[in-house]
Amino acid sequence: MQFNFICCLISRVLHNRIIMADKLRAQQQLEQLQTRYVGVGHADTTKHEWVSNVHRDSLASYIGHPAMLEHFSVAFNEPRERVRMQFVDKMIQPCGPPKEKEEI
Amino acid sequence: MAPSRIKEESPEPDLKPRARKRRWDVVEPVAIPGKTEEDLESKLEAKIESVEPAPKKKSRWDEVEATPRKSRWDQAPSLEATPIGSAALGMQTPLHPSASAGGILPMATGGGFLPDEELDRLLPSEGYIILEPPAGYIPIVTPARKLMQTPAQTGSGGGYMMFDENTAVSAGMAKQIPTNIPGVGELQYFKQEDMKYFGKLADGSQESELGIDELKQRKILRLLLKVKNGTPPMRKTALRQLTDNARQFGATALFDLILPLLMERTLEDQERHLLVKVIDRILYKLDDMVRPFTHKILVVVEPMLIDEDYYARVEGREIIANLAKAAGLAHMIATMRPDIDHVDEYVRNTTSRAFAVVASALGVPALLPFLKAVCSSKKSWQARHTGVKIIQQIAVLMGCAVLPHLKGLVDCIAPCLTDEQAKVRTVTSLALGALAEAAAPYGIESFDSVLEPLWLGIRRHRGKGLAAFLKCIGFIIPLMDPEYANYYTKEVMVILIREFNSPDEEMKKIVLRVVQQCASTEGVTAQYLREEVLPSFFKSFWVRRMALDRRNYRQVVDTTVELAQKVGVAEIVERIVDVLKDESEAYRKMGVETIEKVVAALGATDISERLEERLIDGILFAFQEQTIEDNILLNGFGTVVNALGLRTKPYLSQIVSTILWRLNNKSATVRQQSADLITRIAVVMNNCGEDVLMGKLGVVLYEYLGEEYPEVLGSILGALRSIVTVVGISEMQPPIRDLLPRLTPILRNRHEKVQENTIDLVGRIADRGAEYVSAREWMRICFELLDMLKAHKKGIRRAANNTFGYIAKAIGPQDVLVTLLNNLRVQERQSRVCTAVAIGIVAETCAPFTVLPALMNEYRVPELNVQNGVLKSLSFLFEYIGEMAKDYVYAVAPLLEDALIDRDQVHRQTAATVVKHIALGCIGLGCEDTMVHMLNLLMPNIFETSPHVIDRIIDGIEAIRNCVGVGIVMNYTWAGLFHPARKVRQPYWRLYDSAYVQSADAMVPYYPQIDEDEYRRNELDVWV
């Protein structure tokens, strides 16, 4: 019991430092993830950035699944290749240029 | 020396006149016990006024209690061990260190150590005059200085000065050295040596009275002290300040303080490392401002390049490399140029190494013109010698990175091969050797120009020069094409064979090395080696004398093994086999080791019947005759027997009787070795069909289980285990039902080797032949096994856990489970964790339904450890049973529900792990409903901050995402991504990110519809 109590005390003291270390580690992990996956976000990601990525991912997904592409080409009455090109082009700023000032 | 008289002289504690103030800025009053009060007063008058006399009487017993405040780094271990003057002074009570500590008196205060009347008696009255001190002379009495001076001792009056000075000094130091320096804060430690450099900080002078330079210096000192002795956070900020302000401080101020510190002899690795780090950083910042200090820095750092400690060398290199980058090549060359033909060999050596570092930092091509000039210097041979040495060091330092510049480097030093100075020639061939070694196996074309002088050289030179040339050739031959290598080997071999007889040890080593290198080249044929090399090689190197020196021994063995690769086993073993019966033990060992390596590499198929007989005979002889037991003979025996395989059969009875005889030996190591030998040859014995012999061995080993030396017992158990393994449980002699009860008490043995071997043996029996032993015996073993869960070695714990599984399978899980569940109540965490694992294993081997009810029932015990243990067991259980989990999901759901809403963090954390394993186990098996329920319970926990807890929670949610699909989990996530509070956004983004990484494509259909026009995914509105 005594031992547990002491452990508790020590852990309180260490707690802050651990959290600091942990924050640092989390930060590093996030950076690492972000270099690998562009779409990864964080608490400061703006809505515009996020939605742009959502659009890009969606477009990439349509292109990546032949059946989806087929579906769109039938619906737009365009050749598949052209739809593909359109989608690829659309990936540049899918939601327009970033806004000057934005809510979060 | 009458004790009684001495006793009169001994210092009375009552005489200690002053209570000491513990402030740094106050000069310490000096007490000299054993002198009169008047004496003391006069002494003190000479001191600075700031001394506050505060006389206080102390009893001797108080003194003892008043232990000085020390940092633990400063404690002198000898203090307690040798109380000062107890024996020498004949005191009843030993004088406590703290009593004598006050007695330190600096000589500078004058006359305190030797009074005038004594000096009069000591020195002749004629020929000496007594000088008056100069009028304005005031002794310097800052405490920092005082500490550096030779301390005077207590009890000096009678001249009985038998104290250990160090003890007294350190006792005083320990008291006076604080860990708290004004303006610095609490340090980790403060060493005596630090006083020399940092004492200034503690002299108590007012900052306002100091000049700007002095202030700057103090600032730097403070920062340095923080870096060197401070705690990690302090160090970090101080280092940062030093770096940021480096240019303001200026190179002069910084290096004037750092360099002397770095030269301190007592500097420890850690401190050195930190100072090197400081220099590294400030070099980077100061850039070309360091130029005036290049030479000073080099003088300090160069010796580090030849330090014994690897890390010191690396750090030295790092500084010089950074210095070179900061100061620039031209400046570095200008600075080091004078040292190149320095008279002192040591300076030239370190300079050459420093130059090599500069070359690797700034690139070899930049330095090459300079090197060329140095190597062809007409002025002095020392310059040429250093130039060549630089190139040798470049090769050593850069390894295969020299390849692009190989031609240039070789051409640079090629002319020096024919230098008139022998030393230059020698170092040139060594440098060429180093270049060839670094370049191997490429770059032979670069050496074309030096081949001829080399070959002329080995004909012309003798002695040391020849050795260097041979060494160089030894490295160049492996680079050549096979046919050239063959040709050159034949050329050089003549000389090598001639040098086989050289009495010079160094030459012998080089010759052996070169033979080894030549033999391993492709072009050299076996026939050539057999006819030309082997006879003289064996004649000159396989002699007793070679076995005596450790390094020769190694070289001979390695070379012989290399030769064997070409000429075959039989040829070599044939020649060595007689060595095994030699009278010199070291020589026999050399033979055994060589045979072991050769046979291990090439097998024993080449060995003829006659040779095989001699081999076994020899090795048995060597084994029996050894007086120093080590692994060489054991390994050799094992390897040879295993290589011969079935062919060992005729000799087995002889071998076994030797083993049996030696098992009975008085010496523990002999017994251990013979038991180990059984382990090695058990497989071969079985292959030879020697079942009877194995049985006999088994019985004998069984009888030796009473062995008291744990090392030996471990080996015996190991031998038994190997026999059980090859013979099989049912055939085992003695029968298992006799063997196992003998093992039960041995399980209690705490020795690691014994534990490991017993648990292995018991586990094997439990696995294969549990039916031979009664259930009651197995239960007994279960109890013993619980203790094993505390073992330090992971292997033992793992084996114990597996054994639980086997036993449970054999006698049914109920009893074992009860034992294990009770063990969940123990205090020790490791034991509980292992028990939890064991429960998991039992559940896996005996189907979960036999275990779960009891386990879940145990959760009702209102005790933290037990409940957590149950959860932990569940987590292991579900991890092990995998897909079987789907049948138990509904059964454990209420329990998990309870655990996930417990106030205790650990409950939730462990429950989250259970959820994770269940979820991963039943992906696609239709348990989504429960999983969503669990998700609802887990979700609120994402705001936990404790790293372990949050990691587990996130793990749990991720596992559920895999089970129920990303869409459902994402529905929980959207709400938090753009929440106004950062504290909320953060964990939600973490969830989003992990989902995104794992299944970005699957998320596409589930992204929410956003109403703003530019954000809508219009294409999704399309219908066909």
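User: In this predicted model, which residues of H50(B) are buried?
Analyst: Helix H50 of chain B covers residues 966-977. A residue counts as buried if 20 or more other C-beta atoms lie within 10 Å of its own. In H50(B), the buried residues are B:Val966, B:Val969, B:Met970, B:Thr973 and B:Leu977.

User: Within what arc do the buried residues of H50(B) fall, seen down the axis?
Analyst: The directions considered run from the helix axis to the C-beta atoms. The buried residues of H50(B) line one face of the helix, because their arc, seen down the axis, is within 100 degrees.

User: Which exposed residues does the face of H50(B) turned away from its buried side carry?
Analyst: The buried residues of H50(B) pack against H48 (928-938), H49 (947-964) and H51 of chain B. On the face turned away from that buried side, the exposed residues are B:Asn971 and B:Ala975.

User: How far apart are the end C-alpha atoms of H50(B)?
Analyst: The expected span is 1.5 Å times one less than the number of residues. For the twelve residues of H50(B), this should give 16 Å, and the model agrees, with the end C-alpha atoms apart by 16 Å.

User: Which residues does B:Ile960 touch, not counting residues up to four places away in sequence?
Analyst: B:Ile960 belongs to the largest nonpolar core, where B:Leu435, B:Val842, B:Val915 and B:Ile960 touch the most other members. With residues up to four places away in sequence left out, the residues touched by B:Ile960 are B:Val915, B:Ala919, B:Met931, B:Met934, B:Leu935 and B:Val969.

User: Where is B:Pro441 found?
Analyst: Most peptide bonds are trans. The bond from B:Ala440 to B:Pro441 is instead cis, with omega near 0 degrees. B:Pro441 lies between H22 and helix H23 (448-460) of chain B, in the loop.

User: What is omega for the peptide bond that joins B:Gln733 and B:Pro734?
Analyst: B:Pro734 is in the loop of chain B between helix H37 (710-727) and helix H38 (736-746). The bond joining B:Gln733 and B:Pro734 is cis, and its omega is about -10 degrees.

User: Is B:Asp287 buried or partly exposed?
Analyst: B:Asp287 is in the loop between helix H14 (269-286) and helix H15 (294-301) of chain B. Its phi is near 55 degrees, a positive value in a residue other than glycine. Because it has 16 C-beta neighbours inside 10 Å, B:Asp287 counts as partly exposed.

User: What is phi for B:Ala847?
Analyst: B:Ala847 is in the loop between helix H43 (829-845) and helix H44 (852-858) of chain B. With 13 other C-beta atoms within 10 Å, B:Ala847 is partly exposed. Although B:Ala847 is not a glycine, its phi is positive, at about 70 degrees.

User: How do the residues of the side of chain B that touches chain A divide into nonpolar, polar and charged?
Analyst: The contact takes 24 residues from chain A and 22 residues from chain B. On the side of chain B, the largest share, ten residues, comes from helix H51 (residues 982-1003). The residues of that side of chain B are 13 nonpolar, two polar and seven charged.

Key: Residues numbered from 1 in each chain as written. Chains lettered and ligands numbered in written order. Predicted model: local features only at pLDDT ≥ 70, side-chain atom pairs only at ≥ 80, totals over all residues. Core = buried A, V, L, I, M, F, W, Y, C linked by C-beta atoms within 7 Å. Buried ≥ 20, exposed ≤ 12 C-beta atoms within 10 Å, placed from the backbone. Contact = placed C-beta atoms within 7 Å. Helix = DSSP H or I, 4+ residues; strand = E, 2+ residues; numbered from the N terminus. Nonpolar A, V, L, I, M, F, W, Y, C, P; charged D, E, K, R; others polar.
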